Amino acid sequence: MTRLPLLAACAVVAVLLGALLLTGGATPAPPDGDGPGPLVGPVVGTDDRAALDAEPVLRGPDAPPTDPGAVLTDPEATVRAYLAAALGTEAGDAGRTHLRAAPYAVPGTGPATVGVLVLDAPPPGQARTATVRGLDLVAADRGDRRRGYRALVETRTGPPGGPFATAAVTRSVVVARGPDGRWLVAADAPENPDLVAGED
């Protein structure tokens, strides 16, 4: 079997498994002449569905103004300001999104309207700061309206004054240049989800 048919077969199996999970593996009994018979097998009830639902994610406070020192006509400065705001988190961010990076994002995009979902907020009494340690241009369109960057970001998590736990992650960021000459973030994703942690 070649690679493409194998992938297609896997996709079909995944869809079928998903359908079975949604119906609880139920299958119709043979018809008795008046239409399909009752469903047999396990069925997920209302209480079961409620128990499986995740906690809702809350939206954080409205976005603050941009850092007055950030020069948004410089695409690299935009990426640095965005990542510092997006990856810097507080204990109160747990279970919600924060919009501190929204002023550096293209209006209408996820980073501007939804914000950043905080999956691992610092513990109470601690905060996380983020600093871009390396930034490489990896792509640009012919009209230089969009650029793609790979950023190496270091985070420090700890109480005021330290000690800090450090971590590093690589992010892929796409910026777009608007009619006013400002560069804003259109997309952002982790390139390497594995964090390397240590102590200062």
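## Strands 8 and 9

Strand 8, spanning residues 146-158, pairs with strand 9, spanning residues 165-177, in the antiparallel sense, and 12 bridges join the two. This is a predicted model. Within the pairing, Glu154 is set opposite Ala168 of strand 9.

The hairpin formed by strand 8 and strand 9 has six residues between the strands. In this hairpin Gly161 adopts a positive phi near 90°.

## A salt bridge at Glu154

Glu154, the residue opposite Ala168, also takes part in a salt bridge with Arg156, at an N to O distance of 3.8 Å. The cut-off for a salt bridge is a side-chain nitrogen of Lys or Arg within 4 Å of a carboxyl oxygen of Asp or Glu, so a pair at 3.8 Å counts as one. Arg156 has a relative accessibility of 32% and is classed as partly exposed.

## The network around Asp93

Salt bridges link Asp93, Arg96 and Arg100 in a network. For the pair Asp93 and Arg96, the closest N and O atoms lie 3.9 Å apart.

Asp93 has a relative accessible area of 0% and is buried, whereas Arg96 has 24% and is partly exposed. Buried means under 20% and exposed over 50%, so Arg96 at 24% falls in between.

## Asp180 and Arg182

A further salt bridge joins Asp180 to Arg182, with 2.8 Å between the closest N and O atoms. Arg182 is partly exposed, at 33% relative accessibility.

## The chain as a whole

The secondary structure of the chain consists of four helices and 11 strands, among them the antiparallel pair of strand 8 and strand 9. Of the 200 residues in the chain, 28% are buried, including Asp93 with its relative accessible area of 0%.

The chain exposes about 12,400 Å². Carbon and sulfur atoms supply 62% of that area. As for contacts between residues at least 6 apart in sequence, 53% join residues that are at least 24 apart.

Notes: Residues are numbered from 1 along each chain as its sequence is written. This is a predicted model: local features need pLDDT of at least 70, side-chain atom pairs count only at pLDDT 80 or more; totals for chains, interfaces and linings use all residues. Side-chain values use heavy atoms; hydrogens and water are left out. Two strands pair if DSSP finds at least two bridges between them. Buried means under 20% relative accessible area, exposed over 50%, partly exposed in between (1.4 Å probe, protein chains only). Contact means heavy atoms within 4.5 Å. Accessible areas come from the Shrake-Rupley method with a 1.4 Å probe; for residues, only the protein chains shown count as cover.
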